[in-house]
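Hi,

Here is the structure I promised to pass on.

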Amino acid sequence: MKGQPTAKVSLLKHLLLHRLSLTKRGGTLFRVVAETVASSVVLGLILWAISWSFGLVGGIREFSSAIRFELPYLLVAYAALLHLMRPTPWRVVIAALPIIVLYLAIDLHYVLMHSVFKLDELLLLPEGLNVSPAWLRVGAYVASAVWLIFFMKNFKRRPRDLALPLLLLALASVPPVTAYTLPKEFLKAADASGFEIVPWSDRFTSAVIGRTTALFLFAATKNMALEDLARHPVVDDPDRNPGLLKNSLKKSRNIHILILESFLDPERFKALKFQTPPAPSRFDALRKNMHLSRSPVFGGGTAQVEFEVLCGVPALELYSPAEFNMFKGMPTPCLPNLLSAAGYRTVATQSYKPEFFNSEQAYHSMGFQETNFPSVYAEKRKTYLRYNVANSYIFDGDLLSQNLLYVEKLLAEGKPFLNYVLGTYGHLPHITDTERFPPRVDVVGVKPGSQAYLAIQQFYYRAGAVADYVQRLRRMDPESLIVVTSDHLPPLDAGPLTYETLGYSLKDGGEFRQNIWFYYGPKHNSIAWPDHDYEFMDFVLDVLTEERICQKMLCKNREVWTPEKLTASYNHIISLGAGIAGDSSRR
């Protein structure tokens with residue numbers, strides 16, 4: 001009897017503790033739900049604000065639908081990251097950062113490159129970091145490491161706590177995995193849900209249906225196209241028949257093609273006032289032979305220009321953001337291979353790393369019998385190009401003076417040759433050795449130290465180097481054919497906005513993709529100048545054969561090709577270079 005009050009007290013205490021436990025659990029659950037909802041709302045507002053800047057400011061009124069389409073997906077991904085971590089004050093920030101960074105990176109890519117970021121371009125991220133300044137590379141690695149450390153430190157340890165977030169993560173993985181593995185099914189489901197690519201504008205697509213939704217659509221479309229390409233048999237292109245060139249060629253002139261990184265023309269900036277000339281006087285002779293051509297890219301993508309110049313078709317990016325990455329060394333009917341079949345020696349000089357846009361394999365596919373890289377990157381490869389400063393770009397003058405010495409050797413051998421040179425000096429961020437190259441251009445209207453100012457100062461010395469190169473080349477090889485062009489305009493400080501502000505006059509169709517180029521060589525009364533970079537190959541063959549080859553085929557510098565014919569020729573080259581035509585494993 002005496003123990004009953006004690007038992008009652010114990011039972012009451014147990015009930016109270018249980019009630020407190022339920023209350024605590026309820027409170028914890030409430031806090032978790034409140035945290036998730038509140039942070040999701042904040043994240044949604046941030047993404048809406050970014051979409052607003054990308055859409056409404058650009059005049060795309062339908063931008064708000066992007067949030068409606070993809071916000072649920074993004075919130076699922078966010079919730080998965082959030083609940084993979086233990087409740088801490090920082091987990092909201094850690095979970096939201098990857099999504100916010102993705103949105104900002106896509107917008108920054110468009111601002112600087114004037115093109116919409118695609119999921120496949122993640123494969124080019126090492127390439128981009130490779131050519132970035134050291135502080136940017138270190139910053140990217142440190143930021144990624146810090147995020148990963150925080151994430152792993154707060155990662156939940158008990159398996160039962162991981163069930164829900166892993167389920168959410170699996171749901172978030174379905175769209176990207178399906179886009180790559182089942183592209184046709186993905187596009188069919190997307191079409192039924194009202195998602196589709198706007199064919200005339202990637203930017204409009206990204207603004208209207210959202211960044212991540214557009215990424216998945218672009219990826220699925222490319223993978224489906226790649227599968228379709230693998231099913232098509234390889235059909236010989238009669239215009240790519242080496243015999244056509246052999247039968248049209250009477251005199252085997254040497255050919256020199258020089259592509260310069262970001263070689264803009266400062267005199268096209270109408271809002272700037274030059275107190276001193278932006279180029280040395282010897283460059284004036286080159287200006288008399290200046291022409292204009294449309295590049296496939298702005299701000300970046302050197303390999304796209306190389307592909308167009310050397311293979312003679314537009315860089316359509318149907319299967320990769322860089323066609324060079326599709327090549328696996330198998331031969332393609334590009335200019336070097338055609339010339340090689342006609343008895344030419346084909347030599348390429350690439351002034352950066354062999355892995356730069358898969359250059360080594362791409363050049364082999366296109367038909368270069370010899371490729372020279374700077375000695376600092378060449379390792380055991382044979383090369384004439386001596387340069388020992390790692391992670392930097394050799395000055396055009398140093399590159400071209402060494403190339404001239406090699407040209408002397410080629411001339412002594414007596415065999416006709418193609419001398420192809422790619423310069424990479426002038427790449428962003430326009431770092432200059434001011435002791436060797438002090439500022440020479442007094443210009444009003446641009447801030448000293450800005451990328452535009454630095455590019456103009458670089459141009460002065462680059463222009464002099466190119467003028468000297470062409471002059472000496474013409475003396476050494478007077479009957480040769482010389483083409484000098486730029487790959488694209490540099491992004492400078494704010495992409496196209498900088499060019500708008502400074503009044504750059506080369507604005508073709510609202511895009512700054514026109515480049516200057518120069519030609520020295522045989523001229524005929526009816527010479528047809530190329531207007532696009534993909535017309536250079538036919539232009540070279542046209543001049544080389546004194547117009548005879550263009551009487552046997554439709555030369556793109558003379559005739560307008562239909563999109564269907566251009567695409568068919570493009571597919572022919574890609575399928576051969578990638579070795580995927582008729583590959584049953586891709587069906």
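Let me start with phenylalanine 307: leaving aside residues up to four places away in sequence, it touches Gly312, Val313, Pro314, Ala315, Glu323, Phe324, Phe327, Tyr570, Ile573 and Ile574 (contact means heavy atoms within 4.5 Å). Before you go further, note that this is a predicted model, where local features need pLDDT of at least 70 and side-chain atom pairs count only at pLDDT 80 or more, while totals for chains, interfaces and linings use all residues. Residues are numbered from 1 along each chain as its sequence is written, and side-chain values use heavy atoms, with hydrogens and water left out.

Phe307 also belongs to the largest nonpolar core, which has 117 residues; Ile255, Phe307, Phe324, Tyr420 and Tyr499 touch the most other members. (A nonpolar core is a set of buried Ala, Val, Leu, Ile, Met, Phe, Trp, Tyr and Cys residues joined through side-chain atoms within 4.5 Å; buried is under 20% relative accessible area, exposed over 50%, partly exposed in between, with a 1.4 Å probe and protein chains only.) Helix α17 (residues 451-476) gives the most to this core, 13 residues. (Helices, H or I with at least four residues, and strands, E with at least two, are DSSP runs numbered from the N terminus.) A second, separate core has 20 residues, including Phe117, Leu119, Phe195 and Val208.

Now the backbone. Most residues other than glycine have a negative phi, and most peptide bonds are trans. Here are some exceptions:

- Leucine 428 to proline 429 is a cis peptide bond, with omega near 15°; proline 429 sits in the loop between β6 (417-423) and β7 (443-444).
- Glutamate 379 has a positive phi, near 55°, and lies in the loop between α15 (375-378) and α16 (396-413). With 69% relative accessibility, glutamate 379 is exposed.
- Leucine 492 has a positive phi too, about 55°, in the loop between β8 (481-486) and α18 (496-501). Leucine 492 counts as buried, at 3% relative accessibility.

Last, a helix pair. α6 (residues 163-181) packs with α9 (residues 211-231) at about 20°, the axes being 7 Å apart (axes are lines fitted to C-alpha atoms, for helices over the stretch in contact, and angles run from 0 to 180 degrees between N-to-C directions). That makes α6 and α9 roughly parallel (angles under 35 degrees; over 145 is roughly antiparallel, 65 to 115 roughly perpendicular, the rest oblique). Pro175, Pro176, Ala179 and Tyr180 of α6 meet Phe216, Ala219, Ala220 and Asn223 of α9.

Cheers
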